[in-house]
Amino acid sequence: MTAELEARADAAAAPVAGEARPPGVRPPARPRAAERRPSARRRRWREARPALLFLSPWIIGFLVFTAWPMLYSAYLSLTDYDVINDPSFVGLDNYARLASDEKLLLVLENTAVYTLLQVPLAILVSLGLALLLDRAGRGSGFFRTVFFLPKMTPPVAVGVLFLLLFNGRDGLLNRALAAVGIEGPSWTTDPAWVKPGLVLMSLWTVGSSVIILLAALRAVPDTLYESAKLDGAGFWRASFSITLPMISPAIFFIVVVNTIAGFQTFDEAYTAFFGAGNSTYSNDAALFYVIYLFQQAFEYLHMGYASAMAWILFLVIMAVTAVQLVLSRRLVYYEGDR
């Protein structure tokens, strides 16, 4: 009852429209538009918060384990650092030393030759296996698993397997060649055959490329092949005019990834030729760029020099990838292009 009387008294005391308000009495505050409705920036922030929360483990991992080590290695490349003593700034001396390192030309040549041999051969083998799987029917699922399983093999085991299979005297490969009357080369000791042997060994792990190409093959519309068949096109004509253009994006992706992996090859070659206590098969023909970088960093403790080598490799890979991207504009077909 008291509250109702007070409300009536307040209503009576309120000024009528057009009537002057008593001095000292302020009008009731009205909520502002900005307070009633959040701004566009605040709405975007509220929408982005869940995404950033889910991405935070990756962002933190990238900053801690990738971005920061890269920045620190850029600093170390300008210093003389042996892990034991504090880094001392030397400017561009490490890069000048790279220009006069005679062994650097050898490792660059080995790496380039290996990559030029491995990438095309891996593409051909992967494409051949993918074409076979595309025609396998119901059994393709089993064979997809069989082809991909070697990818799970530890690289160190592949390096040891290389020595067993490619042994010049009693290796399994040379025995198979001898069975058909061919004398096998000394894969592990002859410098001319070391890199071809490592390239053949790398084909053990083409399973991931096979799966990618198989998916691309199955995405090609059957209507294109039917139209080509009606026009009288045979298998080879259809392959070059339909299959290769339609799967060219997948082939380009594999070329770029395998090229980067070729420049960074390390595990199998190091295990086979430069592993701990391995002096029997040591061969400079298998001394690739990353192996030489590893030796400079962790065997000779030339961390500053190794960091400079790492940045040179990074620039080389970026340059090669940029050239591939430019060439892809002419060689790669995308369905959305006109």
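The accessible surface of the protein chain comes to about 22400 Å², and 64% of that belongs to carbon and sulfur atoms, with areas taken from the Shrake-Rupley method using a 1.4 Å probe, where for residues only the protein chains shown count as cover. Please keep in mind that this is a predicted model, in which local features need pLDDT of at least 70 and side-chain atom pairs count only at pLDDT 80 or more, while totals for chains, interfaces and linings use all residues. Residues are numbered from 1 along each chain as its sequence is written, and side-chain values use heavy atoms, with hydrogens and water left out.

Of the 338 residues in the protein chain, 32% count as buried, meaning under 20% relative accessible area with a 1.4 Å probe, protein chains only. The chain has 16 helices and 2 strands, which are DSSP runs numbered from the N terminus, helices being H or I of at least four residues and strands E of at least two.

Finally, helix α13, residues 248-263, has 16 residues and should span 22 Å at 1.5 Å a residue, which agrees with its end C-alpha atoms being 22 Å apart, the expected span being 1.5 Å times one less than the number of residues.

Key:
Buried means under 20% relative accessible area, exposed over 50%, partly exposed in between (1.4 Å probe, protein chains only).
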